[in-house]
Amino acid sequence: MIEFKNLITARAASKALLSLAGKSIITVLGNVSRFLRKEQKMEKPAPQKREVFDCYGTRRRTWCGPYVVAAVAKIDYETSYQAFRTHTGKRHVAGTSHWQCRAVLEQFGVDSGKVERPTKRKKLYHYLRENMDNKLYIVCVANHWVLVDGRDNSITDSWTAGEWKHISESEHKNRFVKYFFPILSRPRF
């Protein structure tokens, strides 16, 4: 069965290469790497979207702060959401700050590093390529929390709940980095 899947993948890759005849080598290599990245599924834990509905049947919003904390601590979203509610004392968890995220992470036994600001204004894609090493980071881009894995340049957040994407395929790649902090006690993904 595995050999059959590899054969299908090889045929699809050869068709993609033949369709690129007459293109530059840079274009061909970029398209091949993009194709192979789509074929490989990232097997990392990520919480699913919120499964809580109101009395009218509409789904409750999945907020970015509790989502990122749930992904790092490997817990479900509702546990993280309730921890934020008890920590902040608010009815809803919207507009979380870095110190609230770090405090809730500490409750779940996850050590986080010092909050840092970039020296120059850079977009997430460029900042990740130049500055981040093989660590897990929680990054604030345009008042939105995202979880970035520096090992394979993948990203997850509440918008793409339940799946990890490569940074080049993310909606947040062109947003400016406000601040970030590393996760020191790395979860084993």
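A: The description below begins with the sheet and then turns to the helices. This is a predicted model, in which local features need pLDDT of at least 70 and side-chain atom pairs count only at pLDDT 80 or more, while totals for chains, interfaces and linings use all residues. Residues are numbered from 1 along each chain as its sequence is written, and side-chain values use heavy atoms, with hydrogens and water left out.

Helices (H or I, at least four residues) and strands (E, at least two) are DSSP runs numbered from the N terminus. Five strands make up an open sheet with antiparallel pairing, in the order S4-S3-S2-S1-S5; two strands pair if DSSP finds at least two bridges between them. At the edges lie S4 (165-166) and S5 (177-183), each of which pairs on one side only. S4 is joined to the antiparallel strand S3 (residues 154-156) by two bridges, and Ile155 stands opposite Lys165 in S4.

Helix H3 packs on this sheet, touching S1 (136-141), S2 (145-149), S3 and S5, and its direction makes about 25 degrees with that of S2. Contact means heavy atoms within 4.5 Å. Helix H5 lies across S1, S2 and S5, running at about 15 degrees to S5.

H3 (residues 64-73) and H5 (residues 98-107) also pack together, at an angle of about 35 degrees and with their axes 10 Å apart. Axes are lines fitted to C-alpha atoms, for helices over the stretch in contact, and angles run from 0 to 180 degrees between N-to-C directions. Here Gly65, Val69 and Val72 in H3 meet Cys101, Val104 and Leu105 in H5.
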